[in-house]
Amino acid sequence: MASGDLLSPPRHVAIIMDGNGRWANERGLPRTVGHSKGVEAVRRTVEAAADFGIEYLTLFAFSSENWSRPEEEVSVLMGLLRRFIRRDLAELHRSNVRIRVIGERDGLQGDILPLLLEAEDTTRNNTGLTLVIAFNYGARDEMVRAMRRLARDIEAGRIAAEDVTASAITERLDTAGIPDPDLIIRTSGEERLSNFLLWQAAYSEFVFVPEYWPDFDRDLFLKALRSFANRDRRFGGLSASKAATAVAG
Ligand code: FPP
């Protein structure tokens with residue numbers, strides 16, 4: 001499928017990569033095989049996003065609630081992320097991809113945090129696609145951290161209560177400096193946000209894809225982008241055609 005008809009791709013696409021476990025179960029394989037296949041879909045998707053001219057791609061890699069999964073599955077997921085950074089960082093860097101990590105960093109054990117920091121640091125000055133990895137991420141946690149920062153700033157007299165505005169909150173979120181997602185895609189047929197980017201999703205469009213994440217590919221990505229291209233985004237106002245009618249009438 002060609003991507004030439006994507007005249008103006010969304011600036012920021014965020015993806016809830018769901019269905020690795022079910023993909024594996026349906027094939028009589030361990031869930032962890034689904035996660036490994038999921039990493040291949042991550043590679044395909046990053047490459048496609050860069051080709052499509054998307055500026056920001058956020059991937060929900062590990063939620064703050066995922067720690068409650070069986071220890072073995074958590075350790076496989078950590079291993080996959082570790083391997084992804086070790087093996088793919090050089091290639092991502094060569095492709096001018098800039099990596100940002102969002103999520104709670106305090107309390108991360110072992111070499112995971114140093115690896116994530118290395119990925120951010122190595123690619124800091126790249127100017128191509130920004131790949132935002134949501135790791136140990138939960139939107140409510142993120143908002144609590146932002147509110148604490150605000151409270152500390154007020155307590156220290158750096159800002160007044162009247163200065164607490166939507167942008168003062170936005171600037172204190174993990175996503176500071178990253179535009180809100182235009183499009184959020186969730187695979188596997190589930191239709192919920194699951195504590196992902198709650199503040200930032202205020203005006204996002206949603207595309208729910210029935211296929212499981214390991215099957216996500218360039219064609220399914222393009223299909224989601226085409227569905228987005230047909231949406232009439234009003235941001236609480238009127239659509240361009242209705243606004244014209246209102247003025248004329
Ligand atoms: C959801 O499937 C997927 C996850 C919890 C993790 C996603 C992680 C990866 C694709 C691999 C690591 C990521 C990177 C960026 C290298 P599920 O297990 O909830 O599936 P189910 O709902 O069918 O059980």
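You are looking at a predicted model, in which local features need pLDDT of at least 70 and side-chain atom pairs count only at pLDDT 80 or more, while totals for chains, interfaces and linings use all residues. Residues are numbered from 1 along each chain as its sequence is written, and side-chain values use heavy atoms, with hydrogens and water left out.

Which residues come nearest to the ligand? Of the 16 around it, they are Met17, Gly21, Arg22, Arg31 and Arg69; a residue is near if one of its heavy atoms lies within 4 Å. Now look for polar contacts, which are pairs of N or O atoms within 3.5 Å. A polar backbone atom of Gly21 is 3.0 Å from an oxygen atom of the ligand, and for Arg22 a backbone N or O atom lies 2.7 Å from a ligand oxygen. Arg69 uses its side chain instead: an N or O atom there is 2.7 Å from an oxygen atom of the ligand. The ligand taken alone exposes 620 Å², and the protein buries 91% of that (areas by the Shrake-Rupley method with a 1.4 Å probe).

Next, find the helices, which are DSSP runs of H or I with at least four residues, numbered from the N terminus. Helix 1 (20-25), helix 2 (31-52) and helix 3 (71-94) each give at least two residues to the shell, and helix 2 provides the largest share, four residues.

The ligand sits in the largest pocket, as more than half of its atoms lie within 2 Å of the pocket's grid points. A pocket is an open set of points on a 1 Å grid over the protein atoms alone, with protein on both sides within 12 Å along at least five of seven lines, and lining residues have an atom within 4 Å of a point.

Finally, an unreviewed UniProt entry lists Asp18 and Asn66 under "active site"; such annotations may be inferred rather than shown by experiment. Although spread over 49 residues of sequence, they cluster in space, with a largest C-alpha distance of 12.4 Å. Both Asp18 and Asn66 belong to the lining of the largest pocket.

Methods: Polar contact = N/O pair within 3.5 Å; in protein donor to acceptor, adjacent residues only side chain to side chain. 1 Å grid on protein atoms, 1.4 Å probe; cavity = no way out; pocket = protein on both sides within 12 Å on 5 of 7 lines; lining within 4 Å.
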